[in-house]
Amino acid sequence: MCYAIPGRVKEIRDKYVLVDYFGEEKKALNEFYDIAVGDYICAQGGFVIKKVKEDEAKEILSAWQELFFELQDVDLRLSRMDSGKEDSDKKLRLILDKALENIPLKKDELLYLLDLDNPQSCQLLYKSANFLRQKYHKNSCCIHGIIEISNYCRRQCTYCGISTHNKSLSRYRMAAEEIIETSVEAVEKYGFQALVLQSGEDPGYSVDEIAEIITEIKKKVPVLICISFGEIGLEGLEKLYSAGARAILMRFETSNPKIYARIHPGQELNSRLEHIKKAFSLGYLIATGALIGLPGQSNEDIINDIYLAKKLGAEMYSFGPFLPHPKTPLGNFKVPSEELALKTLALARIIDSESAKILVTTALETLCSAARKEGLLAGANSLMLNVTPVKYRKLYAIYPNKANNKELISTQIKEAVSLLKSLGRAPTDLGVSETKAG
Ligand code: SAH
């Protein structure tokens with residue numbers, strides 16, 4: 001994001017560079033630049049995004065130096081576990097002690113956590129997840145931008161407000177130039193380094209057209225492009241990778257094949273999973289996850305969802321509540337509780353403590369306005385800001401009253417950065433930790 005901190009290259013190993021950030025070492029894949037030891041770079045999700053001139057890098061680093069350590073202190077204070085505070089639930093204590101030691105929990109223990117309903121117990125779970133987040137990820141929090149390029153969709157997903165069920169929705173499709181301009185502005189004016197391009201499954205763009213758009217954006221600005229267009233075909237994934245896309249946001253929605261088939265008429269879970277697996281094998285970073293609170297979904301299903309995201313090699317976990325849309329067949333279904341969504345984030349952190357980037361989704365922010373802060377204090381460490389031109393935002397109505405439908409990008413950035421500062425988080429994506437990547 002705008003405050004991304006450049007790091008100094010310490011070592012070069014084949015296509016990888018080892019980068020120093022205030023004493024922490026991270027590893028990033030360098031595909032495009034001529035880089036020497038001592039150079040400064042910015043990385044996103046483990047990819048080198050750009051080289052930064054030495055003067056410029058030193059200026060940013062000196063501006064950050066003091067603040068960075070101050071923020072780390074605030075984060076450390078907020079993520080400490082209070083010792084000695086007795087909780088009557090001994091079983092909960094025992095399970096969480098195991099989690100804090102990073103000992104894998106058994107399924108029945110995870111279920112016990114997901115079933116918690118006493119607010120104090122839930123708070124203890126969130127605190128433990130936050131402790132693990134701090135332990136393995138320090139205070140870095142990545143902020144991506146999302147551009148919703150079209151709300152046309154050929155699918156009949158029974159929960160989604162831009163599916164074919166919603167006959168009264170005005171449809172829009174951004175033109176190629178508009179997508180490119182919006183992306184360039186997001187990078188140059190607002191400082192984003194990672195952008196998600198998302199749409200319904202819109203036959204109005206061919207994969208080749210999308211590939212050209214991505215190539216053009218990559219030519220104009222240094223940015224990590226994440227695609228989110230649904231099932232574009234395995235060949236389509238290859239084409240967009242060649243065009244420069246390096247991440248994909250594709251939820252499997254539910255790991256339960258029966259529920260999947262019920263809510264996606266004519267579709268199969270396997271086909272969606274094939275796409276995610278293929279993307280992983282091509283080298284895309286995977287952002288995936290599921291809907292929380294689907295009809296017929298059990299707490300065990302939710303735990304299986306987290307396991308599946310991990311198995312698919314998720315770099316980022318995207319789990320958000322299902323919010324019924326009145327113009328869809330599931331319009332009268334009930335909204336899940338905020339607690340269930342927060343417990344899911346906390347469990348994702350416990351199940352994949354060391355690797356997971358966990359997103360606070362816009363759906364959770366829509367469900368509860370304090371969710372961004374609460375999610376970040378329950379194990380999450382990633383946010384997404386909506387950089388779609390304001391005139392289209394309310395038309396990308398996957399569920400009603402979507403959060404950040406009107407806020408200017410500058411306002412969203414100001415709010416996000418001020419929240420992060422209050423929590424001691426630095427809006428950075430420092431890439432993959434050297435110890436983890438090996
Ligand atoms: N065509 C893309 C993007 C779909 S919309 C794709 O297939 O991946 C992005 C996400 O919105 C979906 O993956 C789904 O999980 C979520 N979504 C759709 N309807 C929703 C609803 N009613 N409540 C909450 N999230 C919803």
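Predicted model: local features only at pLDDT ≥ 70, side-chain atom pairs only at ≥ 80, totals over all residues.
**Notebook: a buried lysine, then the ligand site**

I began with K357, which counts as buried at 11% relative accessibility; buried means under 20% relative accessible area, exposed over 50% and partly exposed in between, with a 1.4 Å probe and protein chains only. Residues are numbered from 1 along each chain as its sequence is written, and side-chain values use heavy atoms, with hydrogens and water left out.

**K357, continued**

I found K357 in strand β14, residues 357-360; strands (E, at least two residues) and helices (H or I, at least four) are DSSP runs numbered from the N terminus.

**The ligand**

Where does the ligand sit? I found it in the largest cavity. A cavity here is a set of points on a 1 Å grid over the protein atoms alone where a 1.4 Å probe fits but cannot get out, and a molecule sits in one if more than half of its atoms lie within 2 Å of its grid points.

Of the 18 residues around the ligand, S199, R251, E253, R272 and L323 come nearest. The shell divides into ten nonpolar, five polar and three charged residues.

Next came the polar contacts, pairs of N or O atoms within 3.5 Å. An N or O atom in the side chain of E253 is 2.6 Å from an oxygen atom of the ligand. R272 places a polar side-chain atom 2.8 Å from a ligand oxygen. For Y159, a polar backbone atom is 2.9 Å from a nitrogen atom of the ligand. The protein covers 92% of the 550 Å² of accessible area that the ligand has on its own, by the Shrake-Rupley method with a 1.4 Å probe.

**Two positive phi values**

I went back to E253, which has a positive phi of about 75° although it is not a glycine. E253 belongs to the loop between β9 (247-249) and α8 (257-263), and it is buried at a relative accessible area of 10%.

N404 is my other entry: its phi is near 60°, positive in a residue other than glycine. I located N404 in the loop between α14 (390-393) and α15 (409-422). Is N404 buried or exposed? N404 is buried, with a relative accessible area of 12%.

Notes: Near = heavy atom within 4 Å. Polar contact = N/O pair within 3.5 Å; in protein donor to acceptor, adjacent residues only side chain to side chain. 1 Å grid on protein atoms, 1.4 Å probe; cavity = no way out; pocket = protein on both sides within 12 Å on 5 of 7 lines; lining within 4 Å. Nonpolar A, V, L, I, M, F, W, Y, C, P; charged D, E, K, R; others polar.
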